[in-house]
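Thank you all for coming.

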Amino acid sequence: MWNTEMEHPKTEQDLVAILSLTDSEEIEKLYKAARTLTEEIVGEKVHFRGIIEFSNICAKDCYYCGIRKSNTNVERYTIPDNAVIEAAKWAWKAGYGSIVMQSGEIESDAFTNKITDLLNAIAKETNGELGITLSLGEQSYETYKAWFDAGAKRYLLRIETTNRELYKTLHPADHSFDVRINALKNLRKAGYQVGTGVMIGLPGQSVEMLARDIIFFKEMDIDMIGMGPYIPHHQTPLADSMPDFEKIKERQFQKGLIMIAATRLFLRDINIAASTALQTLNNIGRELGIMAGANIIMPNITATEYRSSYQLYDNKPCLSDTSSMCHHCMEMRLSAYGVEIGLNEHGDSKHYAKRQ
Ligand code: SF4
C-alpha cells in the first residue's frame, strides 16, 4: 500500500514494499514522486548520450546475450575508426554533450591502444568538448586508467544482478562475479564517474533481490544507472527461459519503471538512463521512463547498416533509422511530455559532482 513514507525509502524493507506495488493508482503516485524528486534534485532537463555500438565482436559468452561469442548466426562487424570519429563529430555538432562508445568485450593490448587512439582523435576533432562514456566491459586497472587519461570520464559496467546464485545462471563458470565487482572498484580508483545496472524481471529473480541490487548501488557509491527489463533473445541458451513472455510483457515493462522510480527515491542525485529496452516493450517506453524518474536518454548514432547486428535482446527498436531520425524522433517524443533537452551540456551526475 502506497504511503508518503515510501517517498523516502531508507531500508531494504522499504524498497521491497515499493517493488511489490501492483495497484495502478499507487504505482502512478510512485512515478509522480520519483519524477518530482528528479526535477527538484537533478533538474527538469533530460540529457542525451549518443551511443555508438562500434563492434559486436565479444570474447564472452553470457547466456542471455544475442552477440555472445557462440552465436554463429550474427554477422560480426567493427566500424572503421574514421567512421566512429565522424559519428562522434555528428553528435557534437548536433549539440549532444556526450557520447557512449560501446562494443563487445575484448581484452588485448591492440584493443586498448585502438580505444586510446580513438579517444585522442575524438578529443582533437571536437575541441575536447564532447563528454565520453565507455562501455567496453571488464578490463585491467591499467587499461581503465589509460582510457581515463585519454579523455573518457564515465564508464558503464552493468553487474546485471548482485545475487551470486542468479549471476551463475546467466553466465558460464569462467565469468567471475568477483572479477566484475573488482572491475567496478578499479573504475572508481581510476577516476571515472561509475555506472552500473541490472536486468529486471529475470527468471528466478525476486523483489528482495532487486531491493538488494539498489542497496548495492548505494554501497558502491554509484554515479549512474543503466538498467532495463529482461527481454529474451531467441538465439541464446536462455531463449526459452520465459515461454509466456508475450503474456507477461506488460508487467515486465511495469517492473522496469518501478525499479527506476525506486532507485531514484533511494539514491536521489544520480543519473538514470531510460533504456531502449523499455521502448521494445512499449512504444513510449523511454518517455515513460523519464516520467518515472530517469533523466538520461541514449539515442542510437550507430550507422544504420550495422544496427541489426547489435541486438543483445530480441526486437530492439530503431534498427532501420538514421542518427538524424533518432534525434528528431526523441526530440518530438520528449516535447510531447513537456521535457526539455539539455543540449551542449555534459549533464554529469550531481552525485559525482558532490563527491568531488
Ligand atoms: S553481455 Fe556483453 S560481455 Fe556478455 S556476451 Fe554480451 S556483449 Fe559480451
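Predicted model: local features only at pLDDT ≥ 70, side-chain atom pairs only at ≥ 80, totals over all residues.

Let me begin with the ligand, which is surrounded by Cys 58, Lys 60, Cys 62, Tyr 64, Cys 65, Ile 67 and Arg 68. If we sort this shell by class, we find five nonpolar residues, two charged ones and no polar ones, and the space that the ligand takes up is the largest cavity.

Asp 61 is found in the loop that runs between strand E1 (47-55) and helix H3 (81-93). Is Asp 61 buried or exposed? Its relative accessibility is 11%, so Asp 61 counts as buried, and, leaving aside residues up to four places away in sequence, it touches Arg 68, Lys 69, Ser 70, Pro 172 and His 175.

Several residues of H7 are buried, among them Phe 177, Ile 181, Leu 184 and Leu 187, and what covers the buried residues of H7 includes helix H5 (141-149), helix H6 (164-170) and helix H8 (207-219).

Finally, two loop residues. Cys 318, between helix H12 (304-307) and helix H13 (323-335), has a positive phi near 65 degrees although it is not glycine, and it is buried, with a relative accessible area of 17%. Asn 344, in the loop between H13 and helix H14 (350-355), also has a positive phi, of about 55 degrees, but Asn 344 is exposed, at 63% relative accessible area.

Conventions
Residues numbered from 1 in each chain as written. Heavy atoms only, no water. Near = heavy atom within 4 Å. 1 Å grid on protein atoms, 1.4 Å probe; cavity = no way out; pocket = protein on both sides within 12 Å on 5 of 7 lines; lining within 4 Å. Sits in = over half its atoms within 2 Å of the grid points. Nonpolar A, V, L, I, M, F, W, Y, C, P; charged D, E, K, R; others polar. Buried < 20%, exposed > 50% of the residue type's maximum accessible area, 1.4 Å probe, protein only. Helix = DSSP H or I, 4+ residues; strand = E, 2+ residues; numbered from the N terminus. Contact = heavy atoms within 4.5 Å.
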